[in-house]
Amino acid sequence: MKIISLSFFSFSLATMGIATISNAEPTKGSNEPRELKIISDRTEAHLTPIFAAFEKKNNVKIKSVFMDNGLINRLETRPTEADVVITKDAELLEIARQKKLLQSYDTKTINTILSADFRDPSNMYFVDAFRARVIFYSTDRVKESDLSTYENLASPQWKGKFCVRSGFHDYNLSLFGQFFSFYGPQKTKEIIKGLHSNLAKNPTGNDREQAKAIMEGKCDVALANNYYYPIMQSIPEQQSWAKAVKVFYPNQKEKGTFVMRSAAGLTTSKTNITLANAFLEYLVSTEAQSLMVNATFQYPANKQAPNAPTFKTNFIPLKDIAAPREEVTKFLTEIAFDKKQ
Amino acid sequence: MKAFLLLLLLFIIAQPAALVLSYAFNNLSVYSDWGTTIQSALPELLATTAQVGIFAICFSLILGGLPAWLTHRFSFPGRQVFSFLVLAPLAVPAVALLGLYQEATNSEVFSSPSGLGLAFGIACAPYVFLLLRVALARTSPTFREAAKTLGLGPLQRFLFLHVPLLAIPLLASSALVDSEMLSDFATSERAGVNTFSLALHNLWMGTQRNDIAVFLASSVIIALIVTFAFVIFLFQKFTPQNSATGHPRHQRMRCRPFQATLVLIACIAAVTPGFLFPIFHTIKWATQKAGTSPLKNLANDTFSSVTTSAIVLLLTLAISLVLVFLLHAQKQANHLRAVTAVSLFNYAMPALVLVLAFFISTNEQTTLARVFPSLNNTRIPLITATALRFLPFILLPLVDTLSRIPSSLAMAGRVLGCSEKSAFARVLLPSLKPAIVVGSSLIFVECMKEITIAQALRPFEYSALSLRIFNYTTTHQAPETAVWVLVLQLVIFYPILRLQEFIEKE
């Protein structure tokens, strides 16, 4: 019995050893690069050039983990495993702030570079880039004059002609959340119901798939993030999708187009604050912002960086963007938004 | 010491479900906020889930059951090759299969419950094939002879002989297919079909509230407890009547050329959706993408996948053997069956729920995390969660084999002077070898393609083949996955070969 027990325990220890060694931190010598840990739900390829540039400049090794989902859930149970958190949707960091999962960043440089629109008032996180949630419309079947606002997409005119990805995706939760803050709950629910009743197909696929659906004649208009248009143009297989659609910036005669904001902040980890702050400062520098623009076709938060938006944007205050998320999720569940009526 | 070890293992195995239930019990207030919403959504959710489940079971029975019967009953050229090819879809995650079909056919069918059911059916057909081939091999041919003598026609023999005899493996196949379907939200998300697991995922991520996810998850666990109690009752009631050991070997029917042609056509039709169609497109895309796809991470992904799967395999093997030694050798076979049933919870509950349990148990505030602060920065949570999820894959074959080994075998060893552990090592263990090979192969294969747990619990800088495939598939870039899928299939080739050998020996 002893042998079996011992062999089991030694095996378990060996297993733990192998697993630990394979992810162990390097011993720090004087020439060893310092280490910065970043957790993110953004596309890996979009951040890699920025990481590489920062590593090269500062003799730093960035260790990262990219989550498709569950960023805040992981942060909630492992609040100090990473030094920096970067997300594709600023409201997730607002939720993280409310859950006390963030600490204040060093405001000296960042608050000089970024305007108040892009900063959390308590300096817990900031927006590093943004993109507009726009309307893709068929070049063949829709005239630009037919389009005006988000509300207009919910009108019977577009019955059976509207496409969108899952209502529960962060992009739509964010957009509908902004509707809640801007229009109020009652009008928002009417708009969402209208969009739901106009669906041409079940909300599925990503934003680019909606352009493809327009090309295939399954629908005429779709909600999508504007940066997917140049991305489609740059991929040979998707150029025909891009050719079939045009981009319309809604609500230009009103307060402006709603935007999705990516954001960054410091976790509550205390071990690497100086380096983490240095990274955040680099993230808003003109150099990193240019890299971001090149990789993602987003608009930079730093106004000195290229590619400033040429349309009117409606910035809902950061403090208001997370609150309606739960109510939106509940409403989408109640009306079964992801199933065409 | 033995009791302590046993309790420790039982605690580890039962912990995820227990954690989720206790967390749900402590957060019942969520029902006042969300009760009405969940109640209003539940009927449609359950109906859609049941619809997908039924389609998945039907397709898997056709794609797995038909070749199982053909390769068992008939002798024809290429029979062993087909046995292997039916098992080949084991190498591809269901989400990648669905992505491939959507991309290759551009058909709306694959965005419907039936299409989703087909994807799960194709992905699960190898399990149905495996279970039915083994069950058919163990069915005494004398039953068929007796039925023939009594004048029963083919249809009557099928309805009144084969169906009742195969009821348990058919039930097990259906349960397995449904478990796979329930645990996988990514494939449902890709299809845009709102199954229970996708709704759980949407509500969890939409609200970012663990208590809502736990509330839904606990309802799954309670439903599973009821289902398992029922299935165990059925097993206990019917299994002894179905066991037929020591029967004469089956003689496969030699086909005449016309028959052989029909059987071959049926076999080709059965392996087309799971192997021929996907491999054709995968190779085509891999060729098209040659030189353009960034392959720099391929070696690293393959190494990570293989090492993680190997460690999970060794861990599950160690746990299983210790359990077998502690329980079976002590003539407590019922306890071993009970532990196996408990371990089944971890497999049958949605993988997201298991992840949730691990998020709770590896919280930085827990004593465990305080004692081992680097724990979450290793693969240990990922390996442990994966091992717990797939533990039944090795426990079930072991329990099955043990039930057919006469207890006199170990006793004979003891009489001949072996100690308890020596009798276990030298007498019992060799008899368990086939079960160990089957269980190990299945665990390795499942680990290699596991996505949900790896995605959520991976440490920093960790990547894997399945994760890369998942990332490409969810961003609708199925052709980009081609090289990764081919490598995955190459790595899994050997375990599948061992499975096929096992089937042939049975």
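Chain A is split into domain 1 (33-130 + 260-308) and domain 2 (131-258 + 322-334). Keep in mind that this is a predicted model.

**How the two domains of chain A meet**

- Taken over C-alpha atoms, the centres of domain 1 of chain A and domain 2 of chain A sit 27 Å apart.
- Domain 1 of chain A puts 15 residues into the contact, and domain 2 of chain A puts in 19 residues.
- Together, domain 1 of chain A and domain 2 of chain A bury about 1400 Å², with 58% of that on carbon and sulfur atoms.
- On the domain 1 side, Glu91(A), Met260(A) and Phe297(A) lose the most area to domain 2 of chain A, and the three together make up 48% of what that side buries.

**What links the two domains**

- Between domain 1 of chain A and domain 2 of chain A, the count comes to two salt bridges.
- If you're new to the idea, side chains of opposite charge can pair when their charged atoms come close.
- Lys88(A) and Asp170(A) form a salt bridge, and their closest N and O atoms are 3.9 Å apart.
- You'll also find six residue pairs in polar contact between domain 1 of chain A and domain 2 of chain A, both residues being at pLDDT 80 or more.
- On the side of domain 1 of chain A that touches domain 2 of chain A, the elements giving two or more residues are α4 and β9 (257-267) of chain A.
- The largest share of that side comes from α4(A), which supplies five residues.
- Sorted by class, that side of domain 1 of chain A has six nonpolar, four polar and five charged residues.

**How chain A meets chain B**

- In this pairing, 61 residues of chain A are in contact with 63 residues of chain B.
- The size of an interface is often given as the accessible area lost when the parts come together.
- For chain A and chain B, the buried area is about 5500 Å², and 55% of it is on carbon and sulfur atoms.
- Four salt bridges turn up across the interface of chain A and chain B.
- In a salt bridge between the chains, the side chain of Lys61(A) meets that of Glu461(B) at 3.5 Å, N to O.
- The same interface of chain A and chain B has 20 residue pairs in polar contact, both residues being at pLDDT 80 or more.
- Several elements of chain A supply at least two residues each to the side that touches chain B, including α1 (2-22), β1 (34-40), β2 (60-66) and α15 (325-334).
- With 12 residues, α1(A) gives the largest share of the side of chain A that touches chain B.
- By class, the side of chain A that touches chain B has 22 nonpolar, 17 polar and 22 charged residues.

**Salt bridges in the whole structure**

- Over all chains, a search of the whole structure finds 27 salt bridges.
- Asp120(A) and Arg97(A) form a salt bridge, with their closest N and O atoms 3.8 Å apart.
- Asp120(A) is in the loop between α5 (107-113) and β5 (125-138) of chain A, while Arg97(A) is in helix α4 of chain A, so this pair ties together parts that are 23 residues apart in sequence.

- Chain B has a mean pLDDT of 84, and 94% of its residues reach 70 or more.
- Confidence in chain B is lowest in helix α19 (residues 407-415), at a mean of 73, and highest in helix α17 (residues 380-390), at 93.

Terms used: Residues are numbered from 1 along each chain as its sequence is written. Chains are lettered from A and ligands numbered from 1 in the order in which they are written. Side-chain values use heavy atoms; hydrogens and water are left out. Contact means heavy atoms within 4.5 Å. Buried area is the accessible area (1.4 Å probe) that two parts lose on being put together, summed over both. A polar contact is a pair of N or O atoms within 3.5 Å; within protein, one must be able to donate a hydrogen and the other to accept it, and residues adjacent in sequence count only if both atoms are side-chain atoms. Helices (H or I, at least four residues) and strands (E, at least two) are DSSP runs, numbered from the N terminus. Ala, Val, Leu, Ile, Met, Phe, Trp, Tyr, Cys and Pro count as nonpolar, Asp, Glu, Lys and Arg as charged, and the others, Gly among them, as polar. pLDDT is the predictor's confidence in each residue, from 0 to 100. Domain bounds come from an automatic or database domain assignment.
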